[in-house]
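Welcome! Here is a short briefing to read alongside the structure below.

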Amino acid sequence: VMGGDWAMIAIHCPEKVIFPNLKDLDWEDDDDKKALSYAHLLLGPKLWRLTLRVGDDAHVNAAVERATSLLNTVAYQRPPLRSLNVFIKGAKTTIREALINVVQSTELECFQSTLLLTKKEVIALAKCKTLDNADFCCFPSLVQIGDDVFAEGIFPEVASMTMSVDNLDER
């Protein structure tokens, strides 16, 4: 579906959800600058798995803004989301905040992201009582998380975790 087609679908979709029974949405940015703007039409009340992929080409900033808006919509709608996978090049603060809004408003069991997370975002993940599987990247400063963080209960249900530390000095 191309950008213009999405606009036509949006006009003719009175319920504002095209697939109310959709449980699994895998959205990949394909250089269609407008298509991601209409992804909210696919966010139904039964969504349990969301995967967003945004490349690193010329329009990445606009695509990341739209992905941020989509994540904030998910946080607001609070579907029964159990799995969130976000593969985006770039570490804008607004999208990381939107990720954490989703984490805090849903009962995620699986979280995977290529965004570099700060201490604040890792702590929010660590407090998620339903999280079973976590795979994320963080800044090197997080290797030395203080005892104050551990006192709050770190990843109580996680059975599998991959935490990659990005070395900014090598860039």
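M163 sits in strand β6, which spans residues 160-165; strands (E, at least two residues) and helices (H or I, at least four) are DSSP runs, numbered from the N terminus. The model is predicted, so to speak for local features pLDDT must be at least 70 and side-chain atom pairs count only at pLDDT 80 or more, while totals for chains, interfaces and linings use all residues. Residues are numbered from 1 along each chain as its sequence is written, and side-chain values use heavy atoms, leaving out hydrogens and water.

**Around M163**
- M163 is partly exposed, with a relative accessible area of 34% (buried is under 20%, exposed over 50%, partly exposed in between, with a 1.4 Å probe and protein chains only).

**An aromatic pair**
- One aromatic pair turns up in a search of the whole structure.
- The ring centres of F136 and F155 are 6.3 Å apart and their planes lie at 20°, so the pair is stacked (rings of Phe, Tyr and Trp, the last by its six-membered ring, pair with centres within 6.5 Å; planes under 30 degrees apart are stacked, over 60 edge-to-face, the rest tilted).
- This pair links distant parts of the chain, 19 residues apart: F136 belongs to strand β5 (residues 133-138), and F155 to the loop between α5 (147-150) and β6.
- Both F136 and F155 are buried.

**The whole chain**
- There are five helices and six strands in the chain.
- Along the sequence, their pattern reads α-β-β-α-β-α-β-α-β-α-β.
- The chain has 171 residues, and 41% of them count as buried.
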